Amino acid sequence: MRGRPPVAERPVVLNLGDGALGYSAVGFWTMARYNTAVLTIVSNNESYQVVRHNWYKDMPDAKMFRENKYPGLWLSAPMVDYVGLARSQGVDGEAVTSPKDLEPALKRGLDKIARENRPYLIDVSVQREGIGAESTWCSTVSAPRSGTRAARVSSPAAGS
Ligand SMILES: Cc1ncc(C[n+]2csc(CCOP(=O)(O)OP(=O)(O)O)c2C)c(N)n1
Ligand SMILES: [Mg+2]
């Protein structure tokens, strides 16, 4: 084919949470490999927030709510560099941490996918809100002692 590459007729926007993005982290490679004009927007609250929410709906007396400790649900420390994750697979992107930067980033992203027929990522820092949202407690894992097979995980779910 000569001239300009094919261009998507309508922009495709993938809007998902940071947790959901993690389930399919290698998807950027597929987007890059096949020149898919997809703008990925990740709402990054460093949390599996819906899991806190749904557990609370069904089991408000659960230990994690009494103690405000949510094993495995805070997705930080270390914070994930989603722009780096995308870039490592051939997808450009940028992070937005201030509301004033969002609109220009969206314009850049839409422009990129429309003109170049390439994928792009915008990692948007969003506030954590909802049940237990402020809790950044996380379990600690200690190195296995010699002679033991598994690392020990301290979590409020274990024991009583
Ligand atoms: C592979 C896989 N594992 C687990 C789940 C269960 N699950 C559904 S949504 C979700 C958390 C989503 O978190 P995030 O995308 O960050 O959205 P938030 O609620 O924080 O906005 C989990 C663990 C799933 N759907 N698929
Ligand atoms: Mg999240």
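How many bridges join strand E3 to E4, and in which sense do the two strands run? Five bridges join E3 (residues 92–96) to E4, and the strands run parallel. Welcome to a short tour of this predicted model, in which local features need pLDDT of at least 70 and side-chain atom pairs count only at pLDDT 80 or more, while totals for chains, interfaces and linings use all residues. Residues are numbered from 1 along each chain as its sequence is written, and chains are lettered from A and ligands numbered from 1 in the order in which they are written. Helices (H or I, at least four residues) and strands (E, at least two) are DSSP runs, numbered from the N terminus.

**Strands and their pairing**

- Strands count as paired if DSSP finds at least two bridges between them.
- E2 also pairs with E4, in the parallel sense and over six bridges.
- Thr 40 stands opposite Leu 121 of E4, and Val 96 stands opposite Val 124 of E4.
- E3, helix H6 (residues 102–116) and E4 together make a right-handed β-α-β unit; right-handed here says that, with the strands pointing away from the viewer, the path from the first strand over the helix to the second runs clockwise.
- Five of the six residues of E4 are buried, so this strand is largely enclosed by the rest of the structure. A residue is buried if 20 or more other C-beta atoms lie within 10 Å of its own, exposed if 12 or fewer, and partly exposed in between, with C-beta atoms placed from the backbone.

**The nonpolar core**

- A nonpolar core is a set of buried Ala, Val, Leu, Ile, Met, Phe, Trp, Tyr and Cys residues joined through C-beta atoms within 7 Å.
- The largest such core has 17 residues, and Val 42, Val 91 and Leu 121 have the most contacts inside it.
- Helix H2 (27–33), strand E2 (38–44), helix H5 (82–87) and strand E4 (120–125) are the elements that give two or more residues to this core.
- In soluble globular proteins, nonpolar side chains tend to be buried together.
- Leaving out residues up to four places away in sequence, Val 42 touches Leu 16, Asp 18, Leu 21, Tyr 82, Leu 121, Asp 123 and Val 124; contact requires C-beta atoms, placed from the backbone, within 7 Å.

**Around ligand 1**

- The residues around ligand 1 include Gly 17, Asp 18, Tyr 23, Asn 45 and Gln 49, where being near requires a C-beta atom, placed from the backbone, within 6 Å of the molecule.
- Helix H1 (18–23) and helix H3 (49–58) each supply at least two residues of this shell, and H1 gives the largest share, four residues.
- By class, the shell has five nonpolar, six polar and one charged residues. Ala, Val, Leu, Ile, Met, Phe, Trp, Tyr, Cys and Pro count as nonpolar, Asp, Glu, Lys and Arg as charged, and the others, Gly among them, as polar.

**Loops and backbone details**

- Ala 77 and Pro 78 are joined by a cis peptide bond, with omega about 10°; Pro 78 lies in the loop between helix H4 (63–67) and H5.
- Asn 68 is in the loop between H4 and H5, has a positive phi of about 55° although it is not a glycine, and is exposed, with 12 other C-beta atoms within 10 Å.
- Asn 35, in the loop between H2 and E2, has a positive phi of about 50° and counts as partly exposed, with 13 C-beta neighbours inside 10 Å.

Notes: Two residues are in contact if their C-beta atoms, placed from the backbone, lie within 7 Å.
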